[in-house]
Amino acid sequence: MMKRLKFNIFFFYFFSIFFSNTIYVPEDFSSIQLAINNSNSGDTVIVNPGLYIENLIISEGSINLISSSGAENTIIDGGFNSSVINVDSFSDSILVRGFTIQNGIGHNIQNESNIRYGGGIISHNTILNLDSLIITNNESFAGGGICLYAMGLSETKSFISNSKIHNNLSSEGGGVFIIHQSLD
């Protein structure tokens, strides 16, 4: 039984790598959102240095969103429009590495007027891996920098490593605000 389980895990891992793609911004697609929209679960989106004024939505599949040159050189600016990155990919795993995330004002999750969550990043019931980020100059009612939430009890655990979360504004959780999830 154990050999069969190991074989199945190896088989799945091998084919997920074999069939995954790497997409480059701006070479393959002119915007990060277009690259995400054209990716499949398991794909990696590599973003080259620059200032990208976008509000990203990741709504399905496990993807890796990685800067080729680090947070100091690759900036995603929300333009004070919404959350800079909005992740709603139920129970999938999303990696975001090497960006500055700035100038987001959050997302309205309950259709309440003027109540916004997750200025920089908002994540709904997703396994979010945040690495080597600078999350700054964002604002919202809760989770100025990051809001991780689930509508009910959840086993979902997200991870933050090697990141700076500073100069974000919020009434509750200026850096990070968590509802029904856990964080390492």
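Student: Leaving aside neighbours within four places in sequence, which residues is Ile121 in contact with?
Tutor: The model is predicted, and contact here means heavy atoms within 4.5 Å. With neighbours within four places in sequence set aside, the partners of Ile121 are Ile85, Ile101, Leu128, Leu130, Leu133, Ile135, Gly145, Ile146 and Cys147.

Student: How many residues does the largest nonpolar core have?
Tutor: Nonpolar side chains in soluble globular proteins tend to be buried together. Ile121 is among the residues with the most contacts inside the largest core, along with Ile32, Val47, Ile76, Ile85, Phe99 and Ile101. The size of this core is 27 residues.

Student: Which element gives the largest share of this core?
Tutor: Elements that give two or more residues include β1 (22-25), β2 (44-47), β8 (93-97) and β11 (127-131). The helix α2 (32-37) is also one of them. The largest share is three residues, and its source is α2.

Student: Which strands stand at the edges of the open sheet of five strands?
Tutor: The order is β4-β7-β10-β14-β18, with parallel pairing. Neighbouring strands are turned by 10° against each other on average, direction ignored. Two of the strands have a single partner each, so one side of each is left without a neighbour in the sheet. Those strands are β4 and β18 (176-179).

Student: In β7, which residue is the bridge partner of Ile57?
Tutor: β4 covers residues 56-58 and β7 covers 85-87. These two strands run parallel and are joined by three bridges. In β7, the bridge partner of Ile57 is Asn86.

Definitions and conventions
Residues are numbered from 1 along each chain as its sequence is written. This is a predicted model: local features need pLDDT of at least 70, side-chain atom pairs count only at pLDDT 80 or more; totals for chains, interfaces and linings use all residues. Side-chain values use heavy atoms; hydrogens and water are left out. A nonpolar core is a set of buried Ala, Val, Leu, Ile, Met, Phe, Trp, Tyr and Cys residues joined through side-chain atoms within 4.5 Å. Buried means under 20% relative accessible area, exposed over 50%, partly exposed in between (1.4 Å probe, protein chains only). Helices (H or I, at least four residues) and strands (E, at least two) are DSSP runs, numbered from the N terminus. Two strands pair if DSSP finds at least two bridges between them. Axes are lines fitted to C-alpha atoms, for helices over the stretch in contact, and angles run from 0 to 180 degrees between N-to-C directions.
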